[in-house]
Amino acid sequence: MAILPRIAMTFLMVLSAEVHSQELLLSMTPQDMTVLVDEVRYVDIKVGNGVVNQNATIIFEREHPHLIDVVPSFIEIYSDGPREFMITVLGKSPGHSLVTTNITENTVINESDLFLRVTIAVSSPLIVISEVVGWIYFAAWSVSFYPQIYINFSRRSVVGYSFDYASLNIVGFVMYSAFNCGLFWNKYIQAEYFQRFPQGLNPVLINDVVFALHAVVATIVIIIQCCVYERGEQRVSILARIILGVYGICTIVMAILGGVNVVHWLDFLYYCSYVKLSITIMKYIPQAVLNYRRKSTVGWSIENILLDFTGGMLSMLQMLLNGYNYDDWVSIFGDPTKFGLGLFSVCFDILFMVQHYGLYRHSRKTVKKDENVIESDNKVEE
């Protein structure tokens, strides 16, 4: 009698394999496309391996019909018909639109890859300019760490550099690195993301990962300098320690919840990104306060601020260029987080420039004079 269940199980497995083999896989190439207004682009649709047992009509549905035209608006698949098709996409107005499919007949078709993301642009040169601007501000932000490292090394001192700023900075970049590395390299987290956003794009690119990891390394170098060079009476403040402690406890709790499957690891990474955003808002305040109390910017690299200001301005310029080119002002003003953070950072950069070149410009001359006097005294003693 035990043979019967085995026979039944074998029959079900064979039947399942047969059904799976009959499943048709349709693909669309490309799945991401940028088209100019009044420009026509072509898309290939292929029917994969499998037997077409039933005719099917695939209708193309546009998310925003006023932005693009798709011709033909449908294709028909027959058992003895062609297995490759071509459709055209015409850009009508700038913006973003998604093309999905609707299959009328009840046939075994896998249409998971049968969608198209279309970006409609006004100008091709603006696309190039936007990319160039993006790489320039990426370079400016990346290089901005080195002037502070150099000034600390040349002075053999970190007096004037806020330890609160350094401690907040390292935590922020570690969280940012965790978010970028997790979404870029971890297949499990990527699967969670695409399950939640089936037709979305991975928001993390390789330059995001490189910038974040480079920032962590550069900030660690500065922290090492803070430990070995002259620092006077500077310490990490109690308030900063409390803030970092709260971040640490919340991070541990979120990690435990992720480990026991109470929250998704993707949500843990989003938490890391929120920590980075909150730190970006507050991290400049301790340095500005330290400059005010000392009535001096000596020890705080103005080149760092100039590069950060350049990067912030170009970042906002790129968003404005893309907003015009793709008629996508909603991503800037409808969700103002990124633009607002860039503007917030630029405002603090302006404050630091006012402190350095205006309010406390005489303090640099005094420090330089004192250093010359000390050097002269050393020569006399010799």
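Predicted model: local features only at pLDDT ≥ 70, side-chain atom pairs only at ≥ 80, totals over all residues.
I started with Ser345 and wondered: does it count as buried or exposed? Its relative accessibility is 12%, so Ser345 counts as buried, because the cut-off for buried is under 20%.

Next I looked up where Ser345 sits, and found it in helix α12, which covers residues 337-359. Then I checked what Ser345 touches, skipping neighbours within four places in sequence. That left Thr280, Tyr284 and Asp308.

On to the nonpolar cores. The largest one has 25 residues. Which of them touch the most other members? I got Phe145, Tyr161, Phe173, Cys226, Trp300, Ile305 and Phe352. I also noted the helices behind this core: α4 (163-185), α6 (206-228), α9 (284-294), α10 (302-325) and α12 each put in at least two residues. The largest share is from α6, with 6 residues.

Setting aside neighbours within four places in sequence, I found Phe145 in contact with Phe173, Phe211, His214, Ala215, Ala218, Thr219 and Ile222. There's a second, separate core too, made of 24 residues, and Met28, Val47, Ile77 and Leu114 are among them.

Last, I zoomed out to the whole protein. I counted up 13 helices and 10 strands. There are 382 residues, and 40% of them count as buried. For contacts between residues at least 6 apart in sequence, I noted that 77% link residues at least 24 apart.

Key: Residues numbered from 1 in each chain as written. Heavy atoms only, no water. Helix = DSSP H or I, 4+ residues; strand = E, 2+ residues; numbered from the N terminus. Buried < 20%, exposed > 50% of the residue type's maximum accessible area, 1.4 Å probe, protein only. Contact = heavy atoms within 4.5 Å. Core = buried A, V, L, I, M, F, W, Y, C linked by side-chain atoms within 4.5 Å.
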